[in-house]
Amino acid sequence: MLNIVIFGAPGSGKGTQSARLVEKYGLNHISTGDVLRAEIKNGTELGKTAKGYIDNGQLIPDALMIDILASVFDSFKDSKGVIFDGFPRTIAQADALKAMLAERNQEVSVMLDLEVPEDELMVRLIKRGQESGRADDNEETIKKRLAVYHNQTAPLIDWYKKDGKYSYIKGVGTMDGIFADICAVIDKL
Ligand code: AMP
């Protein structure tokens, strides 16, 4: 199985590039943000819990997120591979992902770090908020999410380097150019 962690700050293009990877390689896709937004829309207990964190730009507690991830992963049958989009976001989540995959005789094939400068992220997220109406894409919450990214999520770059899975992807340029860079890495695996 091809297990790809697509990594990067909010607004780095993880969702856009994931959709293309799904189409090209026939992979399953887990976006933890999408899972949580669906729970909120459906008014579930989980959705109610998640909303408070999301609206405040904070992360959902690890234990909850890890359970959700394992149950979505196990719902895929005869999968060619999975794209993890928006997970892991903390060291505890990366440890848990490694353990969960090992229990299933699997491992992460590669971590793709889509790097985009902060001023560009801000512009993209404000534009996305205007177009999609996503509640957390407003200036105040975006700033909190970027701070959370730097403090809690960016340390995963070193974690994956040490694990030998890290791959840098320049996240600015054309969507096609970025996708070609990603495919070049995957095709070498
Ligand atoms: P995203 O769509 O990936 O930008 O996620 C939107 C929001 O959902 C984040 O700001 C967090 O509040 C929450 N979220 C998504 N994925 C995770 C995760 N792996 N761990 C904790 N919170 C998450």
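**Entry 1: the model**

I am working from a predicted model. I kept that in mind throughout.

**Entry 2: residues around the ligand**

I began with the ligand. I found 16 residues around the ligand. Those that come nearest are Thr 32, Arg 37, Gln 58, Gly 86 and Gln 93. I then sorted the shell by residue type. It holds 6 nonpolar, 5 polar and 5 charged residues.

I took Thr 32 to start with. One of its polar side-chain atoms lies 2.8 Å from a ligand nitrogen. Gln 93 also uses its side chain: an N or O atom there is 2.9 Å from a nitrogen atom of the ligand. At Gln 58 I had to look at the backbone instead. A backbone N or O atom of Gln 58 lies 2.6 Å from an oxygen atom of the ligand. On its own the ligand has 480 Å² of accessible area, and the protein covers 96% of that.

**Entry 3: the largest pocket**

Where does the ligand sit? I found it in the largest pocket. I noted about 930 Å³ of space in this pocket. Its lining is made of 46 residues. Nearest the centre of the pocket are Pro 10, Gly 11, Lys 14, Arg 128 and Arg 134. By type, the lining divides into 18 nonpolar, 18 polar and 10 charged residues.

I went through the elements next. Several of them each supply at least two lining residues, including the strands β1 (2–7) and β2 (28–31). Among the helices that do so are α1 (14–25), α3 (45–55), α6 (118–132), α7 (139–153) and α9 (175–187). The largest share of the lining, 5 residues, comes from α2.

**Entry 4: backbone details**

Last, I went through the backbone. Most peptide bonds are trans, and most residues other than glycine have a negative phi.

The peptide bond from Phe 87 to Pro 88 is cis, with omega near 0°. I placed Pro 88 in the loop between β3 (81–85) and α5 (91–103).

Asp 78 has a positive phi, near 50°, and is not a glycine. I found Asp 78 in the loop between α4 (62–75) and β3.

Notes
Residues are numbered from 1 along each chain as its sequence is written. This is a predicted model: local features need pLDDT of at least 70, side-chain atom pairs count only at pLDDT 80 or more; totals for chains, interfaces and linings use all residues. Side-chain values use heavy atoms; hydrogens and water are left out. A residue is near a molecule or strand if one of its heavy atoms lies within 4 Å of it. A polar contact is a pair of N or O atoms within 3.5 Å; within protein, one must be able to donate a hydrogen and the other to accept it, and residues adjacent in sequence count only if both atoms are side-chain atoms. Accessible areas come from the Shrake-Rupley method with a 1.4 Å probe; for residues, only the protein chains shown count as cover. On a 1 Å grid over the protein atoms alone, a cavity is a set of points where a 1.4 Å probe fits but cannot get out, and a pocket is an open set with protein on both sides within 12 Å along at least five of seven lines; lining residues have an atom within 4 Å of a point. A molecule sits in a cavity or pocket if more than half of its atoms lie within 2 Å of its grid points. Ala, Val, Leu, Ile, Met, Phe, Trp, Tyr, Cys and Pro count as nonpolar, Asp, Glu, Lys and Arg as charged, and the others, Gly among them, as polar. Grid points are joined across faces, edges and corners, and a volume is the space filled by probe spheres set on the points. Helices (H or I, at least four residues) and strands (E, at least two) are DSSP runs, numbered from the N terminus.
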